[in-house]
Amino acid sequence: MTVGGSADQPTRLAMWSGPRNISTAMMRSWENRPDCEVLDEPLYAYYLAKTGIDHPAREQVLATMASDLPAVVTGLLAPLPAGTIGYQKHMTHHLLADTDRSWIAALRNVLLIRDPREVVSSYIRSRSHVEPADIGIHQQVLLLTQLGPETPIIDAADFLGDPETYLRWLCDWLGVDFTPAMLSWPAGPRDSDGVWAPHWYEAVRRSTGFEPGRAREAHLDGPAAAVAAACADDFAVLHERRLRL
């Protein structure tokens with residue numbers, strides 16, 4: 001099995017998630033491979049500039065990342081060193097209604113999903129205001145429509161029950177070798193972390209591997225419960241089509 005694709009067909013994996021999923025831990029896993037380069041939410045500045053939305057570290061994000069979509073896409077599709085896997089951690093809520101999505105077809109795309117009740121419960125610990133559009137589940141359904149029914153969908157709860165099996169499947173799907181290095185990593189920050197990391201990455205910075213899966217009770221009320229309920233039908237569509245290993 002070859003690692004990292006070929007010069008003509010580089011291996012670019014795009015993991016499309018909503019916030020407060022296991023997306024950063026997944027990025028850690030791939031970055032711990034010696035043959036992988038990662039990009040942390042490369043559309044974030046574009047999203048903030050277009051929407052004007054207030055997020056933690058907003059001004060730092062805009063000051064340190066490109067917000068022009070064509071420039072960002074050029075970087076996402078730029079040549080990779082021979083034998084290198086390019087891993088892109090994306091948030092689906094960064095895809096706006098008028099965002100050009102034609103470039104996404106050049107990537108190997110996977111959807112990473114999580115129960116919206118758990119997402120919202122975690123999200124409001126870092127940002128008190130939340131709307132359905134903030135957690136990306138509806139956007140995942142739209143992206144699935146664009147990419148087609150064969151697009152892999154991984155539920156975080158399933159993955160955490162057996163990370164190695166799911167990582168082996170992903171590596172086989174990509175045509176790259178699995179390495180046990182993907183199952184653990186050193187604690188601490190990374191140069192690849194976005195400047196927003198101090199606001200969102202506290203737990204993953206302490207981590208040295210995937211946290212064992214466990215049932216979580218998400219107690220929501222008021223607007224937060226309404227957001228989770230508004231996303232329930234879309235999540236059910238994705239969950240029904242998820243990868244089962």
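Start by selecting Lys 50, which is partly exposed at a relative accessible area of 46%; here buried means under 20% relative accessible area, exposed over 50% and partly exposed in between, with a 1.4 Å probe and protein chains only. The model is a predicted one, in which local features need pLDDT of at least 70 and side-chain atom pairs count only at pLDDT 80 or more, while totals for chains, interfaces and linings use all residues. Residues are numbered from 1 along each chain as its sequence is written, and side-chain values use heavy atoms, with hydrogens and water left out.

**Lys 50 and its partner**

The term stands for a side-chain nitrogen of Lys or Arg within 4 Å of a carboxyl oxygen of Asp or Glu. Lys 50 sits in helix H2 (residues 44–51) and Asp 98 in the loop between strand E3 (85–91) and E4, so the pair ties together parts that are 48 residues apart in sequence. Helices (H or I, at least four residues) and strands (E, at least two) are DSSP runs, numbered from the N terminus. Asp 98 counts as exposed, at 55% relative accessibility.

**Other salt bridges**

The whole structure holds 12 salt bridges. Select Asp 158 and Arg 242 next: their side chains form one, at 2.6 Å from N to O. This pair links distant parts of the chain, with Asp 158 in helix H7 and Arg 242 in the segment after H11, 84 residues apart. Asp 158 is partly exposed at 23% relative accessibility, whereas Arg 242 is buried at 16%.

Move to Asp 115 and Arg 117, whose side chains also meet in a salt bridge (2.6 Å, N to O). Asp 115 is buried, with a relative accessible area of 16%. Then show Arg 28, Asp 193 and Arg 205, which are linked in a network of salt bridges.

**Helix H8**

Select residues 163–174. This is helix H8, with 12 residues, and it reaches 16 Å from its first C-alpha to its last, close to the 16 Å expected at 1.5 Å a residue; the expected span is 1.5 Å times one less than the number of residues. Which residues of H8 are buried? They are Pro 163, Tyr 166, Leu 167, Leu 170, Cys 171 and Leu 174. Viewed down the axis of H8, these buried residues fall within an arc of 135 degrees, so they line one face of the helix. The arc is that of the directions from the helix axis to the C-beta atoms.

Display the surroundings of that face. The buried residues of H8 pack against strand E1 (11–17), helix H1 (23–31), strand E4 (108–113), strand E5 (153–155) and helix H7 (156–161), where contact means heavy atoms within 4.5 Å. Gly 175 follows H8, and its phi is positive, near 85 degrees.

**The core**

Select Trp 16, Met 26, Trp 30, Tyr 87 and Phe 159, the residues with the most contacts inside the largest nonpolar core, which has 71 residues. Such a core is a set of buried Ala, Val, Leu, Ile, Met, Phe, Trp, Tyr and Cys residues joined through side-chain atoms within 4.5 Å. Its largest share, 6 residues, comes from helix H11 (residues 222–240). Centre on Met 26: leaving out residues up to four places away in sequence, Met 26 touches Met 15, Tyr 87, Leu 112, Phe 159, Leu 167 and Phe 210.

**Zooming out**

Show the whole chain, which has 11 helices and 5 strands. Of its 245 residues, 51% count as buried.
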